[in-house]
Amino acid sequence: MSRILIVSALHKEIPNRWEGGLENHAILYTGVGKVNATYNLTKVLLDERDDYDLVINYGTAASKVHKGLVDCTRFIQRDMDATPLGFDKG
């Protein structure tokens, strides 16, 4: 049986249907932000006690306008200013 890891920053981003009931999945709440997500997901994936066949990242971006799952096709880096390195802002 395949093992599935569902990853989300916050508990409220995961629909209730994923909580309990499925024996072949685990949920990882990483906390908000790329650093938290990277750190916590890497820890779990490097742990030899757990072996996952599929990782589902749920709740990649938040919105006050859109509800539910949004298919993101473009991303803009906004949490740092790299203009001193020659990059355009954003």
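Ile4 is bridged to His25 in strand 2. Strands here are DSSP runs of E of at least two residues, helices are runs of H or I of at least four, and both are numbered from the N terminus. Strand 1 and strand 2 run parallel and are joined by five bridges. Pairing requires at least two DSSP bridges between two strands. Strand 1 also pairs with strand 3 (residues 54-57), again in the parallel sense, over four bridges. There, Val7 has Asn57 as its bridge partner.

The three strands form an open sheet with the order 2-1-3 and parallel pairing. Strands 2 and 3 stand at the edges with a single partner strand each, so one side of each lacks a neighbour in the sheet. The twist averages 20° from one strand to the next. Helix 1 packs on the sheet and touches strands 1, 2 and 3; its direction makes about 165° with that of strand 1. Axes are lines fitted to C-alpha atoms, for helices over the stretch in contact, and angles run from 0 to 180 degrees between N-to-C directions.

Five of the five residues of strand 1 (residues 4-8) are buried (under 20% relative accessible area, 1.4 Å probe, protein chains only). Ile4, Ile6 and Ser8 point one way, Leu5 and Val7 the other.

Thr30 lies in the loop between strand 2 (25-29) and helix 1 (34-46). Thr30 counts as buried because its relative accessibility is 6%. Beyond neighbours within four places in sequence, Thr30 contacts Val7, Ser8, Ala9, Asn36, Ala37 and Asn40 (heavy atoms within 4.5 Å).

Residues are numbered from 1 along each chain as its sequence is written, and side-chain values use heavy atoms, without hydrogens and water. As the model is predicted, local features need pLDDT of at least 70 and side-chain atom pairs count only at pLDDT 80 or more, while totals for chains, interfaces and linings use all residues.

Conventions: Buried means under 20% relative accessible area, exposed over 50%, partly exposed in between (1.4 Å probe, protein chains only).
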